[in-house]
Protein chains: 2
Amino acid sequence: MMNWQGLEGDKPHPAQIMDRMSDFAFSQRASRTHAQPISYLMQQALHNPNLISLAAGLVDYTTLPGADTAELLQQILSSPNTASAALQYGTTEGLIELRAELLSHFEQLNGWQSADINVSTDDLVITTGSQQMLFILGDVLIDPDDIVLSAWPSYFVFTDTLASQGAQVRGIDMDEQGIRPEALDAVLKQLDDAGDLPRVKMLYLVSYHQNPTGITLSAERRPQVLQIIQRYSKDHRILIVEDAAYRELTYNNEAPPSIKRYDTGNEYVALLQTFSKPFAPGVRCGYGLLPHDLVDPVVLQKGNHDFGSANLTQHLMLAALRTGIYQHQVSKLCSSYAHKRDVMLDALDDQLGEIGDGVHWTRPNGGLYIYLTLPPSVDTGRASALFRRAIEEGMIYVPGEFCYGNDPTRPIPNNQIRLSFGVAEPDQIRTGIERLARAIKAIMAQNVQVHSPG
Amino acid sequence: MMNWQGLEGDKPHPAQIMDRMSDFAFSQRASRTHAQPISYLMQQALHNPNLISLAAGLVDYTTLPGADTAELLQQILSSPNTASAALQYGTTEGLIELRAELLSHFEQLNGWQSADINVSTDDLVITTGSQQMLFILGDVLIDPDDIVLSAWPSYFVFTDTLASQGAQVRGIDMDEQGIRPEALDAVLKQLDDAGDLPRVKMLYLVSYHQNPTGITLSAERRPQVLQIIQRYSKDHRILIVEDAAYRELTYNNEAPPSIKRYDTGNEYVALLQTFSKPFAPGVRCGYGLLPHDLVDPVVLQKGNHDFGSANLTQHLMLAALRTGIYQHQVSKLCSSYAHKRDVMLDALDDQLGEIGDGVHWTRPNGGLYIYLTLPPSVDTGRASALFRRAIEEGMIYVPGEFCYGNDPTRPIPNNQIRLSFGVAEPDQIRTGIERLARAIKAIMAQNVQVHSPG
């Protein structure tokens with residue numbers, strides 16, 4: 001039996017409940033599920049409205065498409081036929097017309113014909129954001145003690161979900177071109193040598209403008225990653241979960257085609273995208289293109305979850321795509337975010353450009369995140385002097401330590417910071433980076449004093 | 001490793017996929033998850049548009065609130081503040097204003113003050129339909145080989161979900177007043193005597209106008225059921241999952257208060273309702289009032305699922321409740337469904353009233369279902385002569401055998417039929433029952449021939 005008090009914080013409970021607080025017999029899964037550390041950051045931001053949050057991965061409020069959404073819904077709901085279709089139950093796998101539209105959307109983005117990679121609308125499933133697809137993919141593949149390979153660092157909500165499902169993570173090192181194929185090969189070889197390959201179920205990576213680093217896997221490495229996974233699919237097929245949530249938020253050069261482009265038999269890659277980042281998170285609509293023999297297991301699980309995500313918002317996104325309103329919204333967002341990214345990079349150059357060795361940051365071509373690395377001596381963690389100081393100065397960031405899964409074979413770096421330019425306005429971004437720079441300089445100066453002789 | 005071919009039906013696959021078809025290493029959970037038998041019925045109905053379906057549990061198309069929904073969304077999306085709130089991410093537990101409104105809604109329905117049963121908005125969680133809450137409650141309480149008590153028969157999607165999570169079911173006999181307290185006590189006593197009480201995690205029941213029987217648990221039995229569960233909560237607390245999905249679809253007399261009414265410490269009962277049946281399934285919005293110490297485990301799981309259901313449709317339901325449009329829609333639906341229920345009962349009286357002993361059906365005060373029992377010699381199952389004959393006559397029903405969970409201790413009755421008056425129009429209901437009656441009479445006549453001497 002478990003005690004959930006640790007999660008309750010300091011909320012008071014009536015005595016008669018306290019007495020019985022822990023006497024449900026929770027499942028093993030529940031006992032493996034912990035509060036996301038980022039919820040603590042969210043609370044901080046809520047309790048202190050003067051705090052500039054460069055932490056949250058929310059999207060820009062000012063660009064949300066209220067008027068367009070109103071118009072599209074008006075059209076859908078003013079015709080009795082479409083109104084009753086949109087308000088009735090849908091199918092578990094999602095609206096067929098939307099799935100067909102999304103198949104074309106993938107074709108346009110990647111320059112492929114569906115036949116090139118052996119896919120059809122049957123292979124496309126719509127979920128409540130792409131998070132639900134991540135959860136379900138974990139649920140159909142992971143048994144406790146299985147292993148997931150993941151970029152190091154990576155998107156923490158999914159690695160925490162995997163931990164709750166009982167998986168262990170093995171981190172794959174990255175450089176400015178994404179995960180390193182040699183590192184992937186070396187980890188798989190080690191697992192193979194140890195006889196652990198049967199436990200390796202998937203490789204997870206955010207292939208465009210990664211959360212948290214902003215790094216895109218280079219075009220050259222994409223087929224290499226697939227080939228390595230194919231080579232080690234000896235015991236069973238290992239799935240590549242390609243999370244392309246940020247793909248359409250690409251600001252300068254064109255994005256390379258999806259890893260899925262090279263998976264011509266539709267066997268190894270689940271390609272996941274979402275309308276949350278490029279349109280509106282409030283519609284909670286994600287979608288995935290899956291290897292054919294994963295579709296039924298995924299849809300059966302989803303049947304148990306909810307037998308289908310909200311049908312009304314699926315009709316909305318169908319209309320948004322067909323009218324071109326979606327595509328227009330994406331261009332608008334890209335201009336807005338590109339500007340905010342530039343503001344944040346300029347502010348970092350201004351404030352931290354001269355600080356010297358050991359301080360550097362990524363220069364992403366899209367997405368919502370810049371990743372800042374400090375000298376190894378500067379702890380950025382939730383319990384660190386720097387984190388407290390940043391809050392005192394009036395800003396909050398995501399400590400890099402949150403962005404690493406539970407890989408038992410390696411230590412977690414604690415000298416990094418995830419910065420998001422998603423929600424804050426340009427002025428706030430500048431001020432937020434000034435405050436962060438003051439905090440960093442103060443802590444680095446203290447460190448020098450502490451470490452200098454005498 | 002598993003072969004999913006059985007689920008694929010006879011869809012053709014390209015040869016190169018067939019070769020590899022079963023070489024993902026699926027999880028134990030995936031291997032326990034099977035296609036819902038009702039999906040077969042849905043396909044039948046789709047393939048044969050002349051078939052009158054009295055099978056589907058969908059809601060009436062003609063009463064779906066298209067114009068009202070359009071107006072409410074227009075209001076929400078025409079103000080920049082509410083528009084951006086509705087289109088942004090929400091919270092995992094759901095919109096706080098909606099949760100507050102739903103707490104009052106529960107007060108009005110049950111005639112309680114929240115303080116009477118020790119609940120607050122903190123104990124209310126919003127999900128993607130109530131199905132998602134059912135899934136999550138299973139996930140936080142069930143380990144493989146745990147036991148769930150369930151009305152016998154019961155709502156089959158949930159018992160199938162529980163089976164996928166590894167649970168066994170123990171059926172509790174019902175009569176026209178709902179589950180029998182003596183039967184509940186006897187099953188628990190047997191489990192206790194066998195030392196199996198530690199595996200018993202929940203009692204599941206649909207307390208109003210049950211799916212599939214239409215039966216409501218009587219007012220007198222509600223506190224008795226709770227007392228029995230309390231008495232056997234020796235090893236740990238056993239949860240009562242009170243699924244009140246059909247509560248607001250009550251047509252004649254007033255509905256008794258929820259079982260939750262008697263759970264004054266908010267300890268034993270999770271009370272689940274939904275907007276799917278009384279408003280529109282397309283919003284996929286359900287809600288549950290949970291024992292306080294279940295809230296965090298449930299919300300943590302939901303965080304892994306989707307970190308919140310569609311925020312836009314939550315804003316819609318908030319506006320529907322505040323403007324009274326929701327309440328108006330419920331009255332409208334009740335008149336429409338009450339009429340269709342009467343049409344179906346009249347048709348059954350006309351067509352089967354004289355057929356004699358062993359043929360009887362329920363007379364529900366609400367919901368969408370009437371449950372028909374035939375003599376034990378008449379098999380109603382998917383493979384039966386009656387089922388085929390009914391399709392030949394041009395109607396389809398849900399075989400009663402689908403409505404029983406996997407209780408290894410007892411045989412599943414196969415002489416029952418679930419009839420729904422939800423989707424079909426009055427004329428279709430009459431014709432559908434005529435066709436069913438023809439099929440039943442034909443099969444019963446054959447049975448008499450077969451069994452008569454000479």
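This is a predicted model: local features need pLDDT of at least 70, side-chain atom pairs count only at pLDDT 80 or more; totals for chains, interfaces and linings use all residues.
Visitor: How many residues of chain B are in contact with chain A, and which helix gives the most?
Guide: On chain B, 82 residues are in contact with 82 residues of chain A. By class, this side of chain B has 38 nonpolar, 31 polar and 13 charged residues. Ten residues come from the helix that gives the most, which is α12 (residues 292-305) of chain B.

Visitor: Which elements do the buried residues of α6(B) pack against?
Guide: Helix α6 covers residues 80-87 of chain B, and its buried residues are A83(B), S84(B), A85(B), A86(B) and L87(B). Their packing partners come from both chains: α5 (66-78) of chain A, along with α5 (66-78) and α13 (311-323) of chain B.

Visitor: Let us look at a strand. How many residues of β6(B) are buried?
Guide: Strand β6 of chain B spans residues 200-206 and is mostly covered. On one hand it runs parallel to strand β3 (residues 147-152) of chain B, joined by four bridges, with V148(B) opposite M202(B).

Visitor: Which residue is the bridge partner of L203(B) in β7(B)?
Guide: β6(B) also pairs with strand β7 (residues 239-243) of chain B, in the parallel sense and over five bridges. Within β7(B), the bridge partner of L203(B) is I240(B).

Visitor: Through which helix does the chain cross from β6(B) to β7(B)?
Guide: The path is a β-α-β crossover, and it is right-handed. The helix on the way spans residues 221-231 of chain B and is α11.

Visitor: Is A244(B) buried or exposed?
Guide: A244(B) sits in the loop between β7 and β8 (269-274) of chain B. A residue is buried if 20 or more other C-beta atoms lie within 10 Å of its own. A244(B) has 25 C-beta neighbours inside 10 Å, so it counts as buried.

Visitor: How far apart in space are A244(B) and V206(B)?
Guide: Setting aside neighbours within four places in sequence, A244(B) is in contact with S207(B), Y208(B), S258(B), L271(B), L272(B) and Q273(B). A244(B) and V206(B) are 38 residues apart in sequence, and from C-alpha to C-alpha the distance in space is 5.9 Å.

Visitor: Now chain A. What separates the centres of domain 1 and domain 2 of chain A?
Guide: Chain A is divided into domain 1 (31-63 + 329-447) and domain 2 (67-323). Taken over C-alpha atoms, their centres are separated by 26 Å.

Visitor: Which element gives the most to the side of domain 1 of chain A that touches domain 2 of chain A?
Guide: The contact takes 33 residues from domain 1 of chain A and 35 residues from domain 2 of chain A. The domain 1 side divides into 16 nonpolar, twelve polar and five charged residues. Both α14 (325-352) and β11 (369-373) of chain A supply at least two residues to that side. With seven residues, the element that gives the most is α14(A).

How values were computed
Residues are numbered from 1 along each chain as its sequence is written. Chains are lettered from A and ligands numbered from 1 in the order in which they are written. A residue is buried if 20 or more other C-beta atoms lie within 10 Å of its own, exposed if 12 or fewer, and partly exposed in between; C-beta atoms are placed from the backbone. Two strands pair if DSSP finds at least two bridges between them. A crossover is right-handed if, with the strands pointing away from the viewer, the path from the first strand over the helix to the second runs clockwise. Two residues are in contact if their C-beta atoms, placed from the backbone, lie within 7 Å. Ala, Val, Leu, Ile, Met, Phe, Trp, Tyr, Cys and Pro count as nonpolar, Asp, Glu, Lys and Arg as charged, and the others, Gly among them, as polar. Domain bounds come from an automatic or database domain assignment.
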